[in-house]
Amino acid sequence: MSGEPHAPGPDLELEALWTAVRQRHGARLGEAELADLRQSVEGIVALVRALRRVPLANADAPLEILVPFRADTGPPT
Amino acid sequence: MIWRSLRQLGEQLRSRALSPVALTEAVLERVETLGPRYNAVVTVTRERALAQARAAEREIGSGHYRGPLHGIPYGAKDLLATAGGIPTTWGAAPLRGQTFDADATVIRRLDEAGAILVAKLAMVELAGGMGYRQPHASFTGPGINPWNPGHWSGGSSSGSGSAVAAGLVPFAIGSETWGSILSPAGFCGVAGLRPTYGRVSRHGAMTLSWTLDKIGPLALTADDCGLVLEAIAGPDPDDPSTIQAPFRYDHASGRDQRWCLGIVPESLAGCEDSVRAAFDRSLADLRAVADVVETTLPDLPYEGIARIILGAEAASAFEDFVESGALAGLTAPEDRYSTYARDAILARDYLRALRLRAIAAREADRVLAGIDAIVAPGRPILAPALGREFRSALRGTVNDALGALGNIAGLPAVIVPNGFGPGGLPTSLQFVGRAHDEDTILAAARAYQSRTDWHLRRPPVPA
């Protein structure tokens with residue numbers, strides 16, 4: 001353990017996501033739009049990191065549940 | 001005939017003191033002459049309206065009275081499908097010619113109640129789902145506020161708010177994914193009801209977000225909203241998300257004991273001064289009938305949860321639209337590319353947002369189980385000026401934790417006017433209730449409106 005502080009490196013997740021977005025859509029956008037879009041991607045990454053900081057238990061499930069479909073009878077009541 | 005409550009109009013129609021045809025013709029005249037002033041109308045449905053009015057006149061004349069909406073004209077946000085070649089544009093220029101073969105369930109239910117569709121009302125393109133950040137985001141132009149034409153009517157149910165406020169229609173139907181009923185109702189000084197998720201069928205409505213979209217009424221009073229909700233609510237086999245229990249509006253419910261209303265400190269953060277002053281005055285009015293207690297919401301990223309769910313679902317709902325290149329035809333420049341960023345939302349993060357939503361919904365219910373409703377400013381800001389970028393919870397530039405929680409948890413809310421700020425622009429008050437309990441928040445809002453007269457003020461519009 002050296003006590004040297006690490007220099008901040010590139011944000012690999014952000015750069016990977018931005019690269020994917022830019023490669024898919026960037027050709028049709030100008031510089032100003034690209035800069036704006038980059039800001040939006042940065043905003044999304046910041047949002048999901050805030051969500052990831054909230055602990056979840058294994059059993060914490062979404063509210064949505066699968067209702068197996070049958071056109072003839074519908075779900076049991 | 002203008003600016004009368006649905007209950008007043010209904011009684012006049014039932015007793016035959018007022019003719020449905022005469023009322024409809026008067027409303028059509030206002031929609032056609034004043035609608036363009038507010039960019040409120042996409043399509044006037046004159047032929048359909050007059051046919052419905054004549055049918056209502058015959059039925060009421062023969063003693064077949066369907067109920068409180070029979071013979072009453074209304075407008076519908078232009079994301080609800082209408083048959084008969086009437087366009088349903090979703091507010092988007094590339095979809096100006098879009099038509100459907102059948103009416104949306106909400107339109108059909110209002111038909112069955114005897115209500116008369118006079119207009120498809122303007123809205124922000126694709127219900128604001130592409131990331132707009134200024135009022136000029138519809139091919140019909142920016143929604144103009146009847147109280148001050150230099151300001152926005154709100155969105156995305158822009159025409160629904162301005163048309164009711166300007167007395168163009170007695171009531172309107174809007175939709176909310178996050179703020180799209182409460183914003184135009186609050187900015188235009190009318191009542192708006194966001195029902196519990198699943199209370200009203202979305203069959204035939206444009207989808208922005210399957211797990212957030214709700215349809216509800218805007219009208220002059222909370223009581224009017226209750227009357228409309230009863231007509232449009234209920235299970236629908238064409239929309240599996242609908243609540244199976246029917247809804248009956250209990251307008252007669254009195255209150256022997258005092259109300260218990262909760263204040264959430266987060267809802268006061270960032271409020272403009274006039275909004276805060278109006279809220280404090282409303283609390284003083286409410287304290288005559290209610291105990292007001294401070295309520296604490298758990299520390300969760302409500303707005304982040306809402307933004308990730310909405311972003312991921314909107315990206316999927318409009319995938320074909322985006323891939324087709326149709327975005328280029330939208331009105332707001334930012335709507336032509338902002339949604340591309342949603343490719344950065346990973347599946348596991350969307351699922352995390354859904355799991356956190358479940359925790360938020362349980363926590364919200366725990367809080368609401370101990371009180372009658374949360375009371376809060378309806379909107380933290382006054383209607384923004386036209387031609388300027390505005391602050392928006394959807395982009396994280398304004399605080400709306402309560403709105404985010406209400407929408408991710410599917411909770412009902414009713415908004416009513418509670419004063420005016422600079423520029424003569426309305427301020428508003430909202431009551432947020434427990435899931436499935438629209439009756440309680442409507443009763444609380446009625447109690448407030450029975451003690452105040454903000455809902456009786458009218459904008460400077462020809463009568």
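## A buried arginine and a chain interface

In this predicted model, B:Arg48 is buried, because its relative accessible area is 17%, and buried here means under 20%. B:Arg48 has its place in helix H3 of chain B, which covers residues 46–61. Leaving aside its neighbours within four places in sequence, B:Arg48 is in contact with several residues of chain B, among them B:Thr82, B:Ala83, B:Ile86 and B:Leu117. B:Asp103 also belongs to this group of contacts, and its side chain makes a polar contact with the side chain of B:Arg48.

The other part of this report concerns the interface of chain B and chain A. Here 30 residues of chain B are in contact with 27 residues of chain A, and the area buried between the two chains is about 2,700 Å², of which carbon and sulfur atoms give 66%. Of the area that chain B buries against chain A, B:Tyr337, B:Tyr340 and B:Arg355 supply 24%, more than any other three residues.

Between chain B and chain A there are five salt bridges, one of which joins the side chains of B:Glu323 and A:Arg24. Across the interface, 11 residue pairs are in polar contact, with both residues at pLDDT 80 or more. Two elements of chain B, helix H9 (302–317) and helix H11 (347–368), each give two or more residues to the side that touches chain A, and the largest share, 12 residues, comes from H11(B).

The table sorts the side of chain B that touches chain A by class.

| Class | Count on the side of chain B that touches chain A |
|---|---|
| Nonpolar | 16 residues |
| Polar | three residues |

Terms used:
Residues numbered from 1 in each chain as written. Chains lettered and ligands numbered in written order. Predicted model: local features only at pLDDT ≥ 70, side-chain atom pairs only at ≥ 80, totals over all residues. Heavy atoms only, no water. Contact = heavy atoms within 4.5 Å. Buried area = accessible area lost by both parts, 1.4 Å probe. Salt bridge = Lys/Arg side-chain N within 4 Å of Asp/Glu carboxyl O. Polar contact = N/O pair within 3.5 Å; in protein donor to acceptor, adjacent residues only side chain to side chain. Helix = DSSP H or I, 4+ residues; strand = E, 2+ residues; numbered from the N terminus. Nonpolar A, V, L, I, M, F, W, Y, C, P; charged D, E, K, R; others polar. Buried < 20%, exposed > 50% of the residue type's maximum accessible area, 1.4 Å probe, protein only.
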